[in-house]
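Here is a short briefing to read alongside the model.

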Amino acid sequence: MLVAGSAARAEAWVPTQPVEIVVPAGPGGGADQMARFIQTLVTQYKLMPQPLQVVNRAGNSGGEGLQAAQAARGNPHQLVITLSNLFTVPLSTGLVFNWRDLTPVSMLALDQFVLWVPERSPYRSAVDLVAALRVAPARSVRLGGTGSKQEDQLIGTLMDAATGSKLQYVALKGGGDVAKALAAGEIDLSVNNPIEAEALWREGKVRPLCVFDGAPLPYPAKLSNGRSWQELPTCMASGIPAQYLMLRGVFMPAQVTPAQQAYYVALFDKLRQLPEWQAFMVRGAFRQTAMSGAEFVQWLERTEAFHRTLMREARWLAH
């Protein structure tokens with residue numbers, strides 16, 4: 001009876017003050033959009049007894065946000081929504097941080113990368129682009145991306161290896177800035193996540209060429225000019241043998257209690273069942289993979305090793 005009573009009291013933990021969710025990236029990007037959508041749903045459905053506040057900490061390619069979560073040990077009222085800079089920033093900069101310094105809560109989804117061009121671009125397909133890159137002068141084609149030595153530039157490096165090209169990489173603050181720069185013709189290519197550029201696609205300002213996944217996207221709804229996500233070929237089938245997916249997950253600081261961690265696991269399980277969340281997954285063409293607990297930890301270990309290998313090959317490791 002004492003054990004059962006203790007478990008019941010532990011399970012009863014709820015936030016007692018506003019909860020902050022840190023976005024280690026700039027406004028308008030995929031992580032920021034997801035965090036603010038989570039905030040909207042938590043508020044609309046009263047999923048927590050306290051408000052959820054979104055704070056962007058994009059400095060040092062997101063390292064500022066990661067270190068803020070690292071420094072909040074034992075604070076159950078702080079979360080951080082993560083992307084692959086969870087791995088790339090420490091590896092490339094030598095930042096004293098590792099995902100093990102945090103408490104994994106839940107993988108919410110995996111985000112795709114799509115190769116985009118402005119609508120007025122001469123490249124009508126990924127095959128056309130690959131052919132052009134093979135003969136283009138070095139640094140004559142501009143690829144815009146978020147930060148440096150992160151996911152976007154890493155994909156650019158894979159494209160260079162596949163085509164023998166030398167793209168000019170243009171580092172911008174966040175995915176929203178990248179999408180706007182592409183629509184304005186300030187860059188020639190981007191590898192924005194779907195959610196970052198889909199509104200501009202629907203407005204006829206940008207055009208997707210292929211997706212960096214091993215299979216076409218499973219979303220047939222028509223979004224722009226009669227086209228759907230499902231109709232995009234894979235970049236692998238178009239002459240760019242590269243596949244890359246990015247984490248959209250939530251962590252807490254270290255030294256929180258199992259009951260506090262379990263509260264947020266249950267919260268995000270409820271959130272993912274909402275019809276609005278399902279619609280958000282479709283609009284952003286996410287791979288709807290979710291996990292928590294030991295399964296999530298094992299995925300993080302594998303993915304960290306994968307990034308270390310990629311960044312070693314790119315000669316970006318700081319140590």
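Is cysteine 235 buried or exposed? Cysteine 235 is buried, because its relative accessible area is 0%, under the 20% cut-off for burial. Please keep in mind that this is a predicted model.

**The disulfide**

- The structure holds 1 disulfide, and cysteine 235 forms it with cysteine 210.
- The two sulfur atoms lie 2.1 Å apart, and the link is right-handed, with 90° about the S-S bond.
- This pair ties together distant parts of the chain, 25 residues apart: cysteine 210 belongs to strand E9 (residues 206-211), while cysteine 235 sits in the loop between strand E11 (227-228) and strand E12 (246-253).
- Cysteine 210 is buried as well, with a relative accessibility of 0%.

**Overall fold and dimensions**

- You will find 11 helices and 13 strands in the protein chain.
- The radius of gyration is 20 Å, which agrees with the value near 20 Å for a compact globule of 319 residues.
- Along the principal axes, the C-alpha trace spans about 75 × 45 × 30 Å.

**Surface and charge**

- Of the 319 residues, 54% count as buried.
- The chain exposes about 13300 Å², and carbon and sulfur atoms supply 54% of that area.

- As background, most residues other than glycine have a negative phi.
- Lysine 149 is not a glycine, yet its phi is positive, at about 55°.
- To locate lysine 149, look in the loop between strand E6 (142-146) and helix H6 (151-163).
- With a relative accessible area of 32%, lysine 149 is partly exposed, because that value falls between the 20% and 50% cut-offs.
- Arginine 315 is also not a glycine and has a positive phi, of about 60°.
- You can find arginine 315 in the segment after helix H11 (293-313).
- Arginine 315 counts as exposed, since its relative accessibility is 76% and the cut-off is over 50%.

Note on methods
Residues numbered from 1 in each chain as written. Predicted model: local features only at pLDDT ≥ 70, side-chain atom pairs only at ≥ 80, totals over all residues. Heavy atoms only, no water. Helix = DSSP H or I, 4+ residues; strand = E, 2+ residues; numbered from the N terminus. Rg over C-alpha atoms; globule rule 2.2 N^0.38 Å. Buried < 20%, exposed > 50% of the residue type's maximum accessible area, 1.4 Å probe, protein only. Areas by Shrake-Rupley, 256 points an atom, 1.4 Å probe, with all protein chains shown as cover. Disulfide = S-S within 2.5 Å.
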